[in-house]
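Biologist: I'd like a close look at just one part of this thing. Pick a piece and walk me through its surroundings, please.

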Amino acid sequence: NVPSEAIYRFPLELVHGIPLMKPIINRWQEVEQFQARPDDLLIATYPKAGTTWMQEIVDLILQDGDLEKAMRAPSHIRFPFMEFVTPTLPSGVEVLTKMPSPRLIKTHLPYQLVPTSFWNQNCKVIYVARNAKDNAVSFYWFDKMNKAQPDPGTWESYVEAFLQGKVGWGSWFDHVIGWWEAKDKHRILYMLYEDIKEDPKREILKVMRFLGKELSEEVLEKVVHHTSFQAMKENPMTNYSTVPSFMFDRATSMFMRKGEVGDWVNHFTDSQSKAYDKVYNEKMRGTGLKFRSLI
Ligand code: A3P
């Protein structure tokens with residue numbers, strides 16, 4: 001029972017140049033000193049890039065498509081959020097330290113802030129990236145509905161803050177590029193939200209192979225089915241309906257909001273879109289990282 005005022009709109013501060021909510025920064029040492037284990041699986045994303053979706057894909061693959069097993073607990077219990085800190089609840093690191101192996105772990109940290117023990121232990125990581133504009137829209141609505149997040153203000157001011165990386169977990173551009181450049185140095189599978197949306201089966205197969213699993217066609221179809229937007233929206237273990245309403249204001253937005261590619265056209269003005277394209281073209285040049293046509 002967390003008193004509502006204890007989780008209200010935490011301010012952002014910087015740690016190693018990255019804005020994070022103050023409670024996280026207050027206990028940053030715990031994250032830095034986190035002890036990864038060789039069989040940990042880390043799911044890393046910029047916030048709102050499809051974390052929950054990938055978590056469900058991974059868990060269903062590991063459970064051989066058995067929905068009942070995947071429904072043993074809500075996503076945030078099955079995949080503790082490593083850097084999570086909020087008053088009166090155990091921190092992500094505390095939970096993970098007590099968790100038996102093999103552990104499934106969630107993080108939104110940019111590559112350079114991930115505890116070095118993950119690389120020393122040669123852990124597998126799945127990274128999911130989503131195009132900047134849809135990611136910004138999704139983050140804006142999440143910040144509006146999640147009372148623990150900083151207030152996003154108006155859409156106009158949020159677009160600007162997002163572009164400048166003045167939002168939680170920092171610049172989208174630096175995040176997706178940082179992980180992209182790291183992917184060949186470690187066991188990192190780099191996935192794109194738009195690819196999964198286009199052909200879930202093809203992309204789920206990539207995840208399956210990365211996890212070293214073999215699934216029958218029938219099981220694979222089950223994974224595809226149970227991880228569709230509609231199925232996850234209706235599933236109380238994936239739709240975050242267990243989070244109390246003083247924290248998630250569902251009158252403003254649902255956690256499973258739209259799950260589409262291209263919803264940004266309903267939010268961005270032409271000049272906001274052009275400003276993003278300009279930064280996108282500058283930042284992506286020479287990286288080899290490419291997000292598909294954005295509509
Ligand atoms: P929208 O706000 O655009 O709807 P995260 O899990 O990283 O917080 O990301 C949440 C975003 O992923 C939300 O985007 C949510 O709807 C979307 N999402 C979750 N499950 C999905 C699924 N099965 N298919 C497509 N999108 C999904």
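Modeller: Quick definition before we start: an axis here is a line fitted to C-alpha atoms, for helices over the stretch in contact, and angles run from 0 to 180 degrees between N-to-C directions. Also keep in mind that this is a predicted model. My pick is helix H3, residues 51-62.

Let's begin with its helix partner. H3 packs with helix H12 (residues 200-210) at an angle of about 60°, the two axes being 10 Å apart. The crossing of H3 past H12 is right-handed. On the H3 side, Ile57, Val58 and Ile61 make the contact, and H12 answers with Ile204, Val207 and Met208. By class, that contact has six nonpolar residues, no polar and no charged.

Now for the sheet. H3 lies across strands S3, S4, S5 and S6, and runs at about 155° to S3. Those four strands form an open sheet, ordered S4-S3-S5-S6, with parallel pairing. S4 (104-107) and S6 (188-192) are the edge strands, each pairing on one side only. On average, neighbouring strands are turned by 20° against each other, direction ignored.

Last, the ligand. Among the residues that come nearest to the ligand are Thr51 and Thr52, along with Ser138, Arg257 and Gly259. The shell itself divides into seven nonpolar, eight polar and five charged residues.

Methods:
Residues numbered from 1 in each chain as written. Predicted model: local features only at pLDDT ≥ 70, side-chain atom pairs only at ≥ 80, totals over all residues. Near = placed C-beta within 6 Å. Helix = DSSP H or I, 4+ residues; strand = E, 2+ residues; numbered from the N terminus. Nonpolar A, V, L, I, M, F, W, Y, C, P; charged D, E, K, R; others polar. Left-handed = near helix turned anticlockwise from the far one by under 90°. Contact = placed C-beta atoms within 7 Å. Pairing = 2+ DSSP bridges.
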